Amino acid sequence: MSGPEASASGADERTEAGEAGLLYGILNEIISSPLNLALVGVISFLLYKITRSRQQPTALPPPPPEMPRLRRDFTVAELKQYDGTQPDGRVLVAVNGNVYDVTKGKNFYGPGGPYAVFGGRDASRGLATFSVTASPNDEYDDLSDLKSHEMESVREWEMQFKEKYILVGRLLKPGEQPTNYSDEDEDKDGSGEGGPSAVRKRAAAAAAAAKDAVAAAVESAAEVAASKGETESAPAAAEDGKDKAE
């Protein structure tokens, strides 16, 4: 082997030996120190968790089952029982004399929510005055002392509740009797127009109208036929009379 080739081969061997020595030194440093071993273990665990979380997406919890619709009136005391802490977790809120089921907005009006003070209560005064605090008065609030712009704010909030939540009933005044809601009453409600009872009633009305139309058409046809028969028999009777006269 010539001089230059031997020098190059020797340089390569020294480089490989240096790299091997460096790796051995790093490995020896890690093994010899308990702290370094702990850090390596923590890093390895974190890398494993990151890789595993990317491979397996977190499954979302199933949505809660839909509760049956509630249709009734409430006193102030009865309304307090629906603040979301009861077993079924239903949340009701009263606005301007009407009670709404806000359970689907439980993150806002349920326990721990930013508007939890309104759960199971009449929120009219708080919404009118922009005060998110529990009222110390547990009696019926007729809102008679509110100013005109505050009542306008209450009505605006009520429109939003009507658009977003289901109307349950009314908040009863002291001594006022609750309404006995029937299926017919529910069909009159905007949310009941597409219900099974309303659909059946519309179908029955359409069938009755069609039956009346058919009966009217048959009767009209019979009258036309009878009128035509009388018209045709008149000339024949006249000719018979003429023959007899001759």
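1. The largest pocket first: it holds about 440 Å³ of space. A pocket here is an open set of points on a 1 Å grid over the protein atoms alone, where a 1.4 Å probe fits, with protein on both sides within 12 Å along at least five of seven lines. The volume is the space filled by probe spheres set on the points, which are joined across faces, edges and corners. Bear in mind that this is a predicted model, in which local features need pLDDT of at least 70, side-chain atom pairs count only at pLDDT 80 or more, and totals for chains, interfaces and linings use all residues. Residues are numbered from 1 along each chain as its sequence is written, and side-chain values use heavy atoms, with hydrogens and water left out.

2. Who lines that pocket? There are 17 lining residues, and Glu66, Met67, Asp101, Thr103 and Lys104 lie nearest the centre; a lining residue has an atom within 4 Å of a point. The lining splits into eight nonpolar, seven charged and two polar residues.

3. Now the chain as a whole. Its secondary structure comes to eight helices and three strands, in the order α-α-α-β-β-α-α-α-β-α-α from the N terminus. These are DSSP runs numbered from the N terminus: helices are H or I with at least four residues, strands are E with at least two. Of the 246 residues, 23% are buried, meaning under 20% relative accessible area with a 1.4 Å probe and protein chains only; exposed is over 50%, and partly exposed is in between. Among contacts (heavy atoms within 4.5 Å) with a separation of 6 or more, 55% join residues 24 or more positions apart.

4. Helix α6 (residues 148-164) deserves a look. Its 17 residues should span 24 Å at 1.5 Å a residue, and the end C-alpha atoms are 25 Å apart, which agrees; the expected span is 1.5 Å times one less than the number of residues. Buried in α6 are Glu150, Met151, Ser153, Val154, Glu158 and Phe161. Viewed down the axis, the buried residues of α6 fall within an arc of 150°, so they line one face of the helix. That arc is taken from the directions from the helix axis to the C-beta atoms. On the other side, Ser148, His149 and Glu163 are exposed.

5. What covers the buried residues of α6? The cover includes β1 (92-95), β2 (98-101), α4 (106-109) and α5. Beyond its neighbours within four places in sequence, Ser124 is in contact with Ala94, Val95, Asn96, Leu143 and Val154.

6. Two loop residues are worth checking by eye. Most residues other than glycine have a negative phi. Asn96, in the loop between β1 and β2, has a positive phi near 55°, and is partly exposed at 27% relative accessible area. Phe130, in the loop between α5 and α6, also has a positive phi, near 55°. Phe130 counts as exposed, with 67% relative accessibility.

7. Finally, Ser153 in helix α6. Ser153 is buried, with a relative accessible area of 10%. Not counting residues up to four places away in sequence, Ser153 touches Leu127, Ala128 and Phe130. From Phe130 to Ser153 is 23 residues in sequence and 9.4 Å in space, C-alpha to C-alpha.

Methods. Ala, Val, Leu, Ile, Met, Phe, Trp, Tyr, Cys and Pro count as nonpolar, Asp, Glu, Lys and Arg as charged, and the others, Gly among them, as polar.
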